Amino acid sequence: MNNNFNKFPKDFLWGGALAANQCESGYKEGGKGLTTVDLCPAGENRRKVMEGKIDILRPIEGEYYPSHESIDFYHRFREDIALFAEMGFKVLRVSIAWSRLYPTGEELTPNQEGVKFYKDMFKEMVKLGIEPLVTLSHYEMPLELALKYNGWNDRSVIDMFVRFSKTCFEEFGEYAKLWLTFNEVDSIIRHPFTTAGIIPELCDGDEIKCCYQALHHQFVAAAIVTKMCHEIIPGSKMGCMLTKLMTYPRTCAPEDVLATQDKNLDNNFYADVMVLGEYPRLKTVQLKNNGHYPKMEEGDLQILKEGTVDFLSFSYYMTMTESVDPDAERVPGNTVLGVKNPYLKSSDWGWQIDPIGLRISLIELYDRYRIPLFIVENGIGAKDVVEDDGSIHDPYRIDYFRAHFKEMKKAVDAGVELMGYTSWAPIDLISASTSQITKRYGFIYVDQDDLGNGSHERKRKDSFYWYKKVIETNGEDLD
């Protein structure tokens, strides 16, 4: 426990977070197969594809698919990692594209070109003093598994994921000791196609039941590979990853409080299984009552109990409120809608900004689970302007991070075990929800527009130098 008043631990891991599908490019290079996200176009059809609500099962000529080119990290990773090292990163969260190692997911041996790419990337990180934090599955399911098996709804996908994970541990375990299983595992209900390869028309009329069955298979797979990671990589730690969707009652009316309680209990359910190793009783009763309780094989519950994670990681961007009032104004968030909170300001994209909510979340999660926490996504999408001299002044981004870091300090001082923090994202990349790069998150600007036009040149923003100072002082200098 940290015993220094209002200070981060000496070994605190400062860094940033990326996802292969939002930064890599090279979507057909090096033997890579197509993934579910490779079918997500820019524009109005994006959400429909993510949710599986539109019959697009192959890329369509004439559509623009941002993940195909993204920001060209596949060819420029050395340049980008050098910039992260210049900022002083202690850790970089990355993901591995499953289809770069196993193009269809069904192969018995990995694609060696894909293995080489990631091995080169990890070597570069370690050479520059950056510890990898690796996400095994970040909206990267091989497309063929969705088309052939209806994704994670089919139990046989567990074995394919275990094979992929085993390859990752054996090939990259020399460089990476920190791992995550599924990015925002709770997102399966919000966008089942990109999260789990689920095609609604293959779900026998009950898409939600299909989602919970697929989720159970992911839980089992996560428990198996968590145990495997510990066995293959000495000293390794495995975490789960949750979308932290903190919700407040819109009013103190008991009906609003009850609706809010339901939201928060549902959000906690996913971490309950992966941290505590069992389905919580309240969720179990709910799923049985509405006919959505998944089929389980003998031994599944024991696998969950034996494969619990070492730490809990989560994304945090905003908070919401909840109300039973059907006319309550709702605003967007991280692929969700919530009732507007009149006490909060909003980003350019309408996400409500709540630094104190991060402290509340940290304290709530630590009190509930009592294992180390890791903030692996947090940031603000904003519109940046390049001045005539090439500079980019982004005081709004600095203000955002400063306010959140202050609340993190207070949570640590209260006794929360916080391992580290990785901003989303340290470099501008493709937004998962809107497909835009002009919804800019980075400390590093990428000269590119929403249709992929531009030089792809990287430029340091003012926030680049500010975050470097924060890391150098371990969060002491936030001015």
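Residues are numbered from 1 along each chain as its sequence is written, and side-chain values use heavy atoms, with hydrogens and water left out. In this predicted model, local features need pLDDT of at least 70 and side-chain atom pairs count only at pLDDT 80 or more, whereas totals for chains, interfaces and linings use all residues.

Strand 13 (residues 373-377) is largely enclosed by the rest of the structure, since five of its five residues are buried, buried meaning under 20% relative accessible area with a 1.4 Å probe and protein chains only. Strands and helices are DSSP runs numbered from the N terminus, strands being E runs of at least two residues and helices H or I runs of at least four. Strand 13 pairs with strand 7 (residues 311-315) in the parallel sense over four bridges, pairing requiring that DSSP find at least two bridges between two strands. Within this pairing, Glu377 of strand 13 is the bridge partner of Ser315. Strand 14 (residues 418-424) also runs parallel to strand 13, to which three bridges join it, and Leu418 of strand 14 stands opposite Leu373.

Arg93, located in strand 2 (residues 91-95), is buried, with a relative accessible area of 0%. Its side chain is joined to that of Asn183 by a polar contact of 2.7 Å, a polar contact being a pair of N or O atoms within 3.5 Å in which, within protein, one must be able to donate a hydrogen and the other to accept it, residues adjacent in sequence counting only if both atoms are side-chain atoms. Beyond residues up to four places away in sequence, Arg93 touches, among others, Leu133, His138, Met241 and Glu377, contact meaning heavy atoms within 4.5 Å.

Asn341 lies in the loop between strand 10 and strand 11 (345-346) and is likewise buried, with a relative accessible area of 8%. The side chain of Asn341 reaches the backbone nitrogen of Tyr343 at 3.0 Å, and, neighbours within four places in sequence aside, Asn341 is in contact with Tyr248, Thr321 and Gln352.

Helix 11 gives the most to the lining, with eight residues.

Technical notes: Buried < 20%, exposed > 50% of the residue type's maximum accessible area, 1.4 Å probe, protein only.
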